[in-house]
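Biologist: I would like to go through the charged side-chain contacts here. Could you take my questions one at a time?

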Amino acid sequence: MKKLIAGVLFAAAFATGSAAFAQEKKPTIVLVHGAFADASSWTGVIRILAKDGYTVIGAANPLRGVKSDGDYVGSLVGAQQGPVVLVGHSYGGSVITSAANGHENVKALVYVSAFAPEQGESAADLAGKFPGSTLGPTLAPPVALADGGKDLYIIASKFHDQFAADVPAAEAALMAATQRPITEAALNEKSGEASWKHTPVYFIYGDKDKNIPPQAMAFMARRANARDVVVVKGGSHVVMVSNPQAVAKLIEKAAAAK
């Protein structure tokens, strides 16, 4: 009888311990880069998150279209066991807004110098909603694609000042050389359901952003009832590169929130 009781107590303790472990398991962080960048733009943030015990996925955003890119990232989200924090930079914000729909394991959305579109809005719509974006004149002549679409790049010589002014010149030159193009259609594609209406939102952006006017991001953060908004003084469009600690801190805050 004593052995039976001991066995029951051990099983109960094991079950309790397992439940506690499950509760303590940290969310997986899925990072989604934007236009004119790639997953390596998250390197500094990944180092911090990994050191702090998070599982991190730097998604390879196709940059072909909001719906198709959202479906792709959504498939990654659906493959994860447990909660997920979705983080999007720039156009990647439009992608995570789409990707979170239909996935109850997404516990938070973190917008890093990013678009948070309402249904029926495009990235181009939001970039032009307030004055301040100087991206247009820095774009190279579009590259014609076989399907009739057009790929867009930033002219290499203008990349540093336009995209990454607070990043060392040598690093910005590497970013310019490895930039991923986005289709013109993707920037103009209207967004579907706005997942930020039913998912906790966090925002961080620089007050010297030349791609997305800071006023536009303040507007989107306010509209989405962001739980926290961090404005990086002197920050360019790539605050995750120039200020990885601040970005990682906000992501971890989103991940730990109840």
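Biologist: Which residue forms a salt bridge with D161?

Modeller: In this predicted model, the partner of D161 is K210, and the closest N and O atoms of the pair are 3.1 Å apart.

Biologist: Where do D161 and K210 lie in the chain?

Modeller: The pair links distant parts of the chain, 49 residues apart. D161 belongs to helix α6 (residues 156-163), whereas K210 sits in the loop between β8 and α9 (214-223). K210 is partly exposed, its relative accessible area being 28%.

Biologist: How many salt bridges does the structure hold?

Modeller: There are 7 salt bridges. One of them joins the side chains of D151 and R64, with an N to O distance of 2.9 Å.

Biologist: What does the pair of D151 and R64 tie together?

Modeller: D151 is part of strand β6 (residues 150-152) and R64 of the loop between β2 (56-59) and α3 (66-78), so their contact ties together parts 87 residues apart in sequence.

Biologist: Is D151 buried or exposed?

Modeller: D151 is buried, because its relative accessible area of 7% falls under the 20% cut-off. R64 counts as partly exposed, at 35% relative accessibility.

Biologist: Changing topic, which side chain does K190 meet in a salt bridge?

Modeller: K190 meets D125, at 2.7 Å from N to O. K190 lies in the loop between α8 (184-188) and β8 (201-206) and D125 in helix α5 (residues 123-127), so this pair ties together parts 65 residues apart in sequence.

Biologist: What is the relative accessibility of K190, and what is that of D125?

Modeller: K190 has 46% and counts as partly exposed; D125, with 36%, also counts as partly exposed.

Notes: Residues are numbered from 1 along each chain as its sequence is written. This is a predicted model: local features need pLDDT of at least 70, side-chain atom pairs count only at pLDDT 80 or more; totals for chains, interfaces and linings use all residues. Side-chain values use heavy atoms; hydrogens and water are left out. A salt bridge is a side-chain nitrogen of Lys or Arg within 4 Å of a carboxyl oxygen of Asp or Glu. Helices (H or I, at least four residues) and strands (E, at least two) are DSSP runs, numbered from the N terminus. Buried means under 20% relative accessible area, exposed over 50%, partly exposed in between (1.4 Å probe, protein chains only).
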